[in-house]
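This report goes through selected parts of the structure shown below. It starts with a pair of strands and moves on to other elements.

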Amino acid sequence: MQFFKEEPHFDFMGVRKIAITISILMVLASIGALATKGLSFGLDFTGGTLIEVGYSKDVDLPPIRAALEKAGFRDAVVQHFGTAQDVLVRIAPQEGQNASLLGDKVLKVLNGISGDHAKMRRQEFVGPQVGSELRDDGGLAMLIALGCILLYVMARFEYRFALGSIIALLHDVTITLGCFALFQWDFDLTVLAAVLAVIGYSLNDTIVVFDRIRENFRKLRRLPPTEVVNRSLNQTLSRTIMTSFTTMLVVVAMFLFGGQLIHSFALALMIGIFVGTYSSIYVASTLALAMNITSNSLVPVKKEGEGAEQKML
Amino acid sequence: MLNQYPTWKYLLILFTVLIGAIYALPNIYGSNPALQISATRTTTVDTRTEAQLGSLLKSKKIPFRSMRLGDDGLLIRFSNVEQQLKASDLVKKELGDNYTVALNLAPASPTWLTDIHALPMYLGLDLRGGLHFLMAVDTETVIRQAYERYSNDFRGLLRGKKIRYLAINQHGQTLKLKFRTAALRDQAKNAIRSQTHDLTLHDEDAEGAYLIIGRMTKKALHNLELHAVQQNVITLRNRVNELGVAEPVIQQQGDSHIVVQLPGIQDSARAKKILSATATLEFRLVDVDHTVASAQAGHVPPGSRLYRERNGRYVLLKKRVIITGDRITHASSGFDQNSGSPTVMISLDGAGARSMARTTKENLKKPMAVVFIEHKPITLMVDGKKVATTRKVEEVINVATIQGVFSSRFQITGLSSPKESQNLALLLRAGALAAPIRIVEERTIGPSLGQDNIDRGTRSVIIGMLMVVVFMGVWYRGFGMVANLALVMNLVLIVALLSLLQATLTMPGIAGIVLTVGMAVDANVLIFERIREELRLGNTPQSSIQAGYDKALSTIADANITTLIAAVVLYIFGTGPIKGFAITLSIGIVTSLFTAIMGTRAIINLIVGGRRIKKLSI
């Protein structure tokens, strides 16, 4: 089965002004959401205590809240986690000497409710200092990953391509983060990992397109750059759709069957893959075009590299 | 001839896949929750222990799968964690302190696999359940103690050299030595220099006196912290061994943090108490020449100090310590034969025994006290900011009259419960921490959640993979099936590599595998689309295959290297579960390159290579 019997002829670059406008609006909206609402950082980054318990039958939350309040946990957040039998209690970082013993106390309270023995499933305590360290390290990791990738792309391609792909990356990351800020989804360590995976994935897509653009510039020297880019995008279109589709398939499987713990992780990947696919078609190449790439501005590809690779097979 | 591999290449691929399959195999057998019982120095585990425990478990109706006596003790396997935990409590009670009873996850694979070190993947805490702690070493206290030690040493030094000083004080992180004349100061400085170079010494003339301001050098501070953290790691390891954990992780992280992971352990309260306790003992003589009342009124004699007993009463003790906790070589809990109250039996090393013998001989019929010292975490307000630190709590747990001369073995009483005597014995055995520690992060995963996570993870891998397989088969038909074969090969290789490396598999790690499954077909998609393009251009099937693989190669390499960069950065900067994700993602990228390029090419070459073919199933 195939998408297109012949090579398709969509005029991607013809609508590039509209696409870029949409992108700019999306990025601005994301930055706006990040600035006004901010990310709803999870326990990993804020510090605090979290207890997940499982009851043998469905439980109502109000009595739990009341019991916790009575025991002195006024600002505890109580919610169902996955099923009506599982309850998650979250407590902001507390002053006092034995923050790490808090979880045991909460567990005692939860055990006393409705005569049903609560099974401890998960209990986490993160000190506020550790939380902020993790946050800083996470941001640093993201920047370093971007930097390393920029260097690699610059070595392999021309700087205009490198810049184009990095801006496309920032575009993807910003919009993914923006969604998390807008809907106030929990942003924890696993989401951070997903964002870094998105960086890798989105670039993967962009590079495939750029590779083809470079190849076509060498082959079709007489065509105007816009036409070369357009052809390259069309030639790689089936592949772009296919790969995004198969990756999306597994991520959706993860989202549906992977359980609550990797829910946000899968969600971030879903957004990232969607935006990444879009940006590798519209954003990255448009940017490269806007910076005036022509067949002459390309760094010639080393021939001996290709020969060596052939022998390897 | 186009599209043919030399025989050695087929063999290499076949060999790799075969080895991969063998090392992935143990994961199909899985593992059983088990108890590992090993002996300490004074005891042995033999067939008698085996029979004893067998009848014990049978009498309490706890079913077990098997019991095997091996080189490293007795291994009892159970069907589930619940039985394992129940049995663990029972066995510990039965055997007492002289055996180590550790929770374990024992591979259930046949012996020929374990013989070639083919083990199942090492599961992270989120998959097998257990405790994770991140502890911060209170280096502030260590530094303060170092300055205290210096001021004591210098007092002794100057007194010994008959250099008169006005005062030696400690102000925050500085040491202040006061002298009446500049000459005395210079003498003192020379004396100190001959002793240590860990302090920088500055002269200062103030308060109508001649001062030396001493500060520890950066290097000395660093060494001090390093030593404290390393010492703590060793002590924590001893304590964890006492707790009974089969595969604990105790590692330094950063400058002043320690990670402790205890798979299988569920009792977080007890683990916390044992791990973070900085309890030690001191033995001191009671000052019988002065009364407590006058001391309480403010007249504390210079050689003595006022202490509090458990019941709140005061007692006056001599400042000189007979022995401290680090002279203790062995401690075990038990009950006093006469009173039946909980006791701790203590054995001392040579120097401790000599000191104890001398003291008891000289002080027969006089009272001696046991001081229990513990560092408790507290929060202080410093400059309007909350600072977590520790406070030293000293308590006299027992005052008893010396009834006879004793040296290396004796017992202490005065403990409030058997639980307390057990914990104290454990702490004394494991040694004291060099610096107080605070728990700054804690994660406990219950066994049921661990199993749930495994089930969910496996389910999402299988479902995701099935969907991709069906899709690829429909889309690329024959070639799609080849890609599917490569995908299965890829999964086998990932599992095999993870098992071989014994890298920790976590829930995000499983997510990494799922993601790899989705992205691994990308290389094949790239190649197949290229082949279709070549066919469209009117090339022959054989040359289209050749060109498709060749042209797609550099693209595939570029695309995967960038993802690999992201994965490596993630590994370097990530902690815990994130590292797990990075590991599986990196391994997945590497193996997928092998299977998607070489693997599929080999199969396609075998099928169509060297033949006259009119049409490809693509």
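Phe335(B) has Pro342(B) in strand 17 of chain B as its bridge partner. The model is predicted: local features need pLDDT of at least 70, side-chain atom pairs count only at pLDDT 80 or more, and totals for chains, interfaces and linings use all residues. Residues are numbered from 1 along each chain as its sequence is written, with chains lettered from A and ligands numbered from 1 in the order in which they are written.

Helices (H or I, at least four residues) and strands (E, at least two) are DSSP runs, numbered from the N terminus. Two strands pair if DSSP finds at least two bridges between them.

**Sheet 16-17-20 of chain B**

Strand 16 and strand 17 (residues 342–348) of chain B run antiparallel and are joined by seven bridges. They belong to an open sheet of three strands in the order 16-17-20 (chain B), paired antiparallel. Strand 16 (328–335) and strand 20 (409–412) of chain B are the edges; each has a single partner strand, so one side of each has no neighbour in the sheet. On average, neighbouring strands of this sheet are turned by 25 degrees against each other, direction ignored. Helix 13 (residues 418–430) of chain B lies across strand 16 and strand 17 of chain B and runs at about 170 degrees to strand 16 of chain B. Axes here are lines fitted to C-alpha atoms, for helices over the stretch in contact, and angles run from 0 to 180 degrees between N-to-C directions.

A residue is buried if 20 or more other C-beta atoms lie within 10 Å of its own, exposed if 12 or fewer, and partly exposed in between, with C-beta atoms placed from the backbone. Five of the seven residues of strand 12 (residues 257–263) of chain B are buried, so this strand is largely enclosed by the rest of the structure. Its pairings are listed with one from the interface between the chains.

| Strand | Partner strand | Sense | Bridges |
|---|---|---|---|
| Strand 6 (residues 130–137) of chain B | Strand 12 of chain B | antiparallel | seven |
| Strand 11 (residues 249–253) of chain B | Strand 12 of chain B | antiparallel | five |
| Strand 5 of chain A | Strand 21 (residues 437–445) of chain B | antiparallel | five |

In strand 12 of chain B, Val259(B) is the bridge partner of Leu134(B), and Val260(B) that of Ile250(B). The hairpin of strand 11 and strand 12 of chain B has three residues between the strands, and Gly254(B) there takes a positive phi near 65 degrees.

Val260(B) is also in contact with Leu275(B), as are Phe133(B), Leu236(B) and Arg239(B), leaving aside neighbours within four places in sequence. Two residues are in contact if their C-beta atoms, placed from the backbone, lie within 7 Å. Leu275(B) lies in helix 10 (residues 268–276) of chain B and counts as buried, with 23 C-beta neighbours inside 10 Å.

**Helix 4 of chain B**

In helix 4 (residues 81–95) of chain B, the buried residues are Val81(B), Gln84(B), Ala87(B), Ser88(B) and Val91(B). Seen down the helix axis, they fall within an arc of 120 degrees, so they line one face of the helix; the arc is that of the directions from the helix axis to the C-beta atoms. The face turned away from the buried side carries the exposed residues Asp89(B) and Lys93(B). Just after helix 4 of chain B, Gly96(B) takes a positive phi of about 75 degrees.

**Contact between the chains**

The contact takes 64 residues from chain A and 68 residues from chain B. Within the pairing of strand 5 of chain A with strand 21 of chain B, Gln123(A) stands opposite Thr444(B).

Definitions and conventions
Expected span 1.5 Å × (residues − 1).
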